[in-house]
Structure formats: structure tokens, C-alpha cells
Amino acid sequence: MAARILVIEDEPENRLLIGLVLRNEGYDVLEAEDGTTGLASAERHRPDLILLDVMMPGINGFEVYERLQQHPCLRAIPVLMLTALAQRAEIERAVEMGVTGYLTKPFEPNDLLAAIAGALASARERRTAS
Amino acid sequence: MINPAALRVLGADPERSHPADLPPSALARLQECLHAATPSGDPATVEYREPQRCVLQLRKIELRSAAGRPLGQLLHMRDITRERQIDEMKNDFISLVSHELRTPLTSILGFSSYLLQGKLGSLQDSQRMALESVHRQARRLAAIISDFLDVSRIESGRIEMKKEPVAVATVAERVIEDLRPQANERAIRLELAVDTDHGPVVALGDEQRIAQVLTNLLGNSLKFTDKEGLVRVRLQRQGREILCQVIDTGCGIPADELPKVFDRFYQVEKVVIRKTGGTGLGLAIVKNIVEAHGGRIWIESEVGRGTQVSFTLPAAEEIPITASATRH
């Protein structure tokens, strides 16, 4: 069964790109345009992976991640953060918080696909080990 | 003694307050400032929010008699609120630029790249050529934004340089391998020579930034070196420093231009730069990074023979750990 990926990104053009690339590669893609919708979608659909934009109106990516971590059923979902900030402090903050990985915008589709494949593989390994 | 300006920044009314009879709030601030200020090193800062925002830079000077007997202390307070506000506005602007310009570039680069891979159908030659141009220029724009942000952050001192032992040869190897395809395109030999006779080539610094320096310097050398030329990185320890040199057999830089090459936006020949796609910021970034490490950088060149850029980094004492060999 195709892995289900939730894309939480406020920029419609980027959602369009990510959605198109992921669907073309056979993933089951869900999209959310802000943090609140994204959290609701995560709770409802339990995706295998979340792509999470950092800078969004309303609750930002860091806060979304914190709320995911507080949820017993969602905290194990791997999260890849998408950041246009590219400032080390922000990236280090994401890493310290425990996100699975991050991609700095602009990124190439191949880098995105490689990061997703890696995160899904690690999550599978963890599940098998436990 | 206390002057009227100091009374003002402490929140007391200079017309009404007497130095010996400060209001309790001003006295508390004065004591806090005296406690925060240090006699040497970087000046301390304190910030108050009430009744309005006030940021003070503090210096404390110990006053002594000619015989060295302590006489008291002089507290110098400078109101840097406005400077701080301007700095914050600049930082906000930089974050905005970073976000607002990079976000649309994600779609431009992403879609053009995906189309070029043929993932959305095959392309005619003319379509491919047009898309390659879009993709190339978008990458160039991304590099320019990145360079601008780096210069701005480094110059405002907002970039943190780590101080960790870094195996410079490992970093250089990695950078060389990343750039090898570019060198191979024009049959340029890309070499690394590490001299360990005078000690381990381990610097104390920021691995990622050192890699950025080498990438910029090697990128420049490759741009300006003709087909079948040679670009070499030489590394060695010299006393308490690590000496790094990037040497090429490129077109060289005229002597009168050499003092200007580390200036921002400097371009030797605009035509050449346009052809090679530079931003004119690469060497300014390199210089800032090297100096932020406490190192020096200089350049020697001869037109028609080549260029040698040398820089130093502080050597790590002994060899506690080598830098990570993993890719980032």
C-alpha cells in the first residue's frame, strides 16, 4: 500500500509542486494549508509521514510539531520540516526538537524524494525493531 | 557623581533628582548596571522595558591612584536603544527577504527540474533548452539570495562560528569531490596536497563555514582556469596556524585590482563575471568567515600565470577529535 504523506504548507504553488511530485511517485497525498487544518488532518488520517512548513500564518511549524509530540498517537509520525529560513539557529532548533529531518527551500524534487524515502525507511526499521 | 544623561537613562528626572537621593527605582537600576558591567572584554548590555524600552551598553573602569590604590569605579552607560531597534528591523527585513524570495523559487526550481527529468512527459530540444535556462537562472538567483544573506549576517556579527576541531583535509576532500564534475567538464586537474610534516592539519573552527570558504575559492579558481589547467589545494600546519592555499593556473588578476578583490560586489571584469555567473560577493564572504575565525587571508596573482589565495585558521591544540567524515 502506498505510504500516506500529509503536506502542511501555506503556499499553494509549493503544495501544487509537492503534491504533483509525490502523487507521480505513487504516494497517497493529503494537503493542508495551515497548521490547524494540518493537525486535524493528521489526527483523522494518521499519515505515515508529515511534510511541515515552518513559517505559516496562525500556528507555525514549530508549534505544530510540539502539538504532534503531545499527542500519544501522532508523536511517532516522522516529520520533515521545510524551511526557507536557512538560519542555523532555526535548523538547530528543529533538530533539537527531534524532527526527523529538514529541507531548505528552494529544494530539488529529487532531494525531497530522497529525504522522504529515508525517513520512511527509518520509521519502518523502528517499527520492526519494536 | 552622576551626570544628567546618566540620570535620564536610569529613569530619574535630572531636574529634580539629586545624585545622593535617587528614587528607589533609579537606584536599583544603577546597582544592577554596576553589577552587570565588567571591567574588561566586551561591554555588557542591559535592557529595560518600562516606562519605555531602553537598552544600555555598559563599561566599568576601575579608578586607581598612581600607586595602584583603588579609588573607585567609573560606570559608562551608552543608550543604544535606537541602534538595537535598527538592527532588529534589519534582521526582520532579512528574514522576510529570505522567506519571500526563497518560497517562490521552490516552485520555479522544483517544476523546472521535474520537467527536465522527463517526469511529466518527453521534451523537444527547444523546450529542453528553454527549461534548462529557467532552471539555471533560478539556481543563480538562489545563490545570489544566499550570498546576500550570508554577507548581511556575517557583517552584523549575527553568524555564530563554532569552535571545534576540524580536520581540514577531510573537508577539502569533500569539497573537491563535490566540484570534480565541474572540473572534469573542462578537463581541469583538481588536486589536494596535505603536508603533515609540521603537525596535524586540524583547525579550530566551524566545519560548515570552512567548507564554504573552500567551495567559494575553488569555485572561483575553476571559473577562471582554462581547459586542461590545474587547481590545487595545499594544506599545512605553520606553528599555531593552519595554512590553506588554493592555487590555480587561471587567467590571473591585474596587480592594481588585487587590493579590491575582497570588497563586496567587486568584479574584475563585469563581462567575465556575467559569463561565469558570479555575484561579486563570494570573496567578501570568504574574508569575513576567515576573519571571524581569527585568521588572515591574502591573494597573490600574475596575469596569464594564475592566482594563489592563502588563508590561515587557528590550529586546534593537539588532536582531540577529528571532524566528522560524514556528509551534511
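E3(B) supplies the largest share of the lining of the second largest pocket, at 5 residues. The model is predicted. The pocket holds about 450 Å³ of space. Its lining counts 15 residues, and those closest to the centre are Met1(B), Ile2(B), Ala6(B), Leu74(B) and Leu75(B).

**Second largest pocket, chain B**

- Three elements of chain B each give two or more residues to the lining of this pocket: helix H1 (4-9), helix H2 (24-36) and strand E3 (70-79).
- By class, the lining of the second largest pocket divides into 12 nonpolar residues, 3 polar and no charged.

**Helix H3 of chain B**

- Helix H3 of chain B covers residues 81-116, a run of 36 residues.
- Just after H3(B) comes Gly118(B), with a positive phi of about 75°.

**The five-stranded sheet of chain B**

- In chain B, 5 strands make an open sheet, in the order E5-E7-E8-E10-E9. The pairing is mixed.
- Strand E5 (189-195) and strand E9 (297-302) of chain B stand at the edges. Each has a single partner strand, so one side of each lacks a neighbour in the sheet.
- From one strand to the next, the twist averages 15°.
- E5(B) pairs with strand E7 (residues 230-238) of chain B in the parallel sense, over 7 bridges.
- Within E7(B), Arg232(B) is the bridge partner of Glu191(B).

- Helix H5 of chain B spans residues 168-185 and contains Ile176(B).
- Ile176(B) has 3% relative accessibility. Buried means under 20%, so Ile176(B) counts as buried.
- Ile176(B) and Leu214(B) lie 38 residues apart in sequence. In space, their C-alpha atoms are 8.7 Å apart.

- Ala187(B) is not a glycine, yet has a positive phi of about 50°.
- The loop between H5 and E5 of chain B holds Ala187(B).
- Ala187(B) has a relative accessible area of 43%, so it counts as partly exposed.
- Glu228(B) is not a glycine either, and takes a positive phi of about 60°.
- Glu228(B) sits in the loop between helix H6 (207-224) and E7 of chain B.
- With a relative accessible area of 66%, Glu228(B) is exposed. The cut-off for exposed is over 50%.

**Chain A: overall make-up**

- Chain A contains 5 helices and 5 strands.
- Along the sequence, chain A runs β-α-β-α-β-α-β-α-β-α.
- Chain A has 130 residues, and 49% of these count as buried.

- The largest cavity has a volume of about 40 Å³.
- Its lining residues are Val54(A), Phe62(A), Met81(A), Thr83(A), Glu90(A), Ile91(A), Ala94(A) and Tyr102(A).
- Strand E4 (79-83) and helix H4 (88-97) of chain A are the elements that give two or more residues to the lining of the largest cavity.
- H4(A) gives the most to that lining, with 3 residues.
- The lining of the largest cavity has 6 nonpolar residues, 1 polar and 1 charged.

**Cis peptide bond in chain A**

- Lys105(A) and Pro106(A) are joined by a cis peptide bond, with omega at about -5°.
- Pro106(A) belongs to the loop between strand E5 (101-104) and helix H5 (109-129) of chain A.

Conventions: Residues are numbered from 1 along each chain as its sequence is written. Chains are lettered from A and ligands numbered from 1 in the order in which they are written. This is a predicted model: local features need pLDDT of at least 70, side-chain atom pairs count only at pLDDT 80 or more; totals for chains, interfaces and linings use all residues. Side-chain values use heavy atoms; hydrogens and water are left out. Helices (H or I, at least four residues) and strands (E, at least two) are DSSP runs, numbered from the N terminus. The expected span of a helix is 1.5 Å times one less than its number of residues. On a 1 Å grid over the protein atoms alone, a cavity is a set of points where a 1.4 Å probe fits but cannot get out, and a pocket is an open set with protein on both sides within 12 Å along at least five of seven lines; lining residues have an atom within 4 Å of a point. Grid points are joined across faces, edges and corners, and a volume is the space filled by probe spheres set on the points. Ala, Val, Leu, Ile, Met, Phe, Trp, Tyr, Cys and Pro count as nonpolar, Asp, Glu, Lys and Arg as charged, and the others, Gly among them, as polar. Two strands pair if DSSP finds at least two bridges between them. Axes are lines fitted to C-alpha atoms, for helices over the stretch in contact, and angles run from 0 to 180 degrees between N-to-C directions. Buried means under 20% relative accessible area, exposed over 50%, partly exposed in between (1.4 Å probe, protein chains only).
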